[in-house]
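Biologist: I've got a model open and I'd like to learn how to read it. Can you walk me through a few features?

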Amino acid sequence: MDNIVRSGLLAVVAGALVAVLAFVPFVAVSYRRRGRLTLGRALLWAAAAVYFWAIWTYTLIPLPDSEVYRCAGVNLHPFAFVDEVRAAVAVSGRYLTDPVVLQVALNVLLFAPLGFFLRVLGGRGILIAGLVGFATSGIIETTQLTGAWGIFPCAYRVFDVDDLLANTSGALLGSILAFVVPAQHRGVERAPDVETPRPVTRRRRLLGLVCDVVGVWLVGVAVAVVAQAVLVLLVRETSSFSTDRVASLAGVVAAAGLWLAVILTTGRSIGDLATRVRFTNGALPAWVARPLRFATGAGMYTVLAELPTPWSLTAFLLALATAALLLVWPDGRGLTGWIGRRRLVDDRAGVVSPTVDRGARAR
């Protein structure tokens with residue numbers, strides 16, 4: 001039971017890590033392929049990420065302890081499980097709860113989500129589901145047979161051709177069950193109405209803000225890790241020189257610099273671009289409005305957060321103001337819209353260029 005829980009937790013952690021790393025590109029692709037991002041589809045992709053890792057953790061982990069290592073056997077006879085099930089049921093009299101029956105059923109069920117995800121998320125049919133299921137199961141069984149490709153002297157789990165058959169059957173079953181999902185919600189083809197403008201809601205605006213926060217954090221961490229590795233190799237840390245601090249500052253500068261460059265070039269943050277929103281022209285010229293867009297966003301927040309106390313409290317104030325103003329307007333225009341008197345619109349809409357947003361002026 002401990003191994004099952006440990007494998008499940010490892011799959012969840014690995015899947016969550018993949019989801020975070022792919023979050024911004026996933027949002028951007030969704031808005032360009034589907035025209036929107038629904039909670040249901042986002043959860044399906046997150047579940048697929050966790051499931052991908054669960055296949056490997058449940059079938060390959062835990063690796064055996066070298067001190068008690070024993071070579072496992074091999075079954076190369078197809079449908080040998082039929083005789084095993086018949087013999088086990090004859091003894092136990094339990095057709096549904098006998099361990100041998102459950103093992104076969106679980107081998108089928110383990111791969112059913114694979115076929116389901118391939119059809120619903122990938123738009124692939126039953127043939128591809130069968131081939132992918134067979135190939136994936138084959139890789140797993142071969143890894144076990146070869147002792148993790150030579151790491152161990154012999155197979156540490158039984159190579160069973162019946163597992164190949166059961167896993168492939170599971171993938172085929174999942175592909176068939178996926179027909180319960182309406183056709184318009186399956187596949188990755190561009191939706192017919194993908195270029196139809198949609199209202200900018202608070203939820204959509206919040207999604208863009210999350211994209212900015214996650215993106216800034218990921219860029220900062222990536223640059224900081226690389227900088228730390230380089231500094232450790234080149235510089236000896238002393239009491240007056242902290243490589244951790246320098247690496248952290250390098251990450252902040254890189255992330256803020258990237259967001260500033262994108263905003264000065266396009267007038268929009270990466271979160272705006274991902275969710276396909278833009279600000280209308282307002283009371284300020286572009287050479288003022290664009291720096292203001294940076295100064296009220298995630299890029300400036302990460303800079304302010306690095307300042308010494310009490311100046312770092314300005315980052316908290318910026319976040320608080322952003323959250324409060326998100327609730328004021330239906331489009332969640334925030335500080336940028338309030339100061340510059342600009343509205344948020346879908347970038348697929350026609351050019352909107354009022355000199356002043358009268359609704360904002362009235363407020």
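Biologist: Is asparagine 167 buried or exposed?

Modeller: Keep in mind that this is a predicted model. The cut-off for buried is under 20% relative accessible area. Asparagine 167 has 5%, so it counts as buried.

Biologist: Where does asparagine 167 lie, and which residues does it touch?

Modeller: It lies in helix α8, residues 161-177. Leaving out residues up to four places away in sequence, asparagine 167 touches Asn107, Phe111 and Ser137.

Biologist: Okay, now helix pairs. What should I look at?

Modeller: Two packed helices are described by the distance between their axes and the angle between those axes. Take α13 (residues 298-305) and α14 (residues 313-326): their axes come within 7 Å and cross at roughly 150 degrees. Angles over 145 degrees count as roughly antiparallel, and α13 and α14 are therefore roughly antiparallel to each other. Their crossing is left-handed.

Biologist: Which residues make the contact?

Modeller: From α13 you have Met300, Tyr301, Leu304 and Ala305, and from α14 Thr314, Ala315, Phe316, Leu318 and Ala319. Sort the residues of that contact and you get 8 nonpolar, 1 polar and no charged.

Biologist: And how many helices and strands are there in the protein chain?

Modeller: The chain comes to 16 helices and 4 strands. Its C-alpha trace spans about 80 × 60 × 30 Å along the principal axes. The radius of gyration is 27 Å, whereas a compact globule of 363 residues would have one near 21 Å.

Biologist: What share of the 363 residues counts as buried?

Modeller: That's 40%.

Notes. Residues numbered from 1 in each chain as written. Predicted model: local features only at pLDDT ≥ 70, side-chain atom pairs only at ≥ 80, totals over all residues. Heavy atoms only, no water. Axes fitted to C-alpha atoms, helices over the stretch in contact; angles between N-to-C directions. Helix = DSSP H or I, 4+ residues; strand = E, 2+ residues; numbered from the N terminus. Parallel < 35°, antiparallel > 145°, perpendicular 65-115°, else oblique. Left-handed = near helix turned anticlockwise from the far one by under 90°. Contact = heavy atoms within 4.5 Å. Nonpolar A, V, L, I, M, F, W, Y, C, P; charged D, E, K, R; others polar. Buried < 20%, exposed > 50% of the residue type's maximum accessible area, 1.4 Å probe, protein only. Rg over C-alpha atoms; globule rule 2.2 N^0.38 Å.
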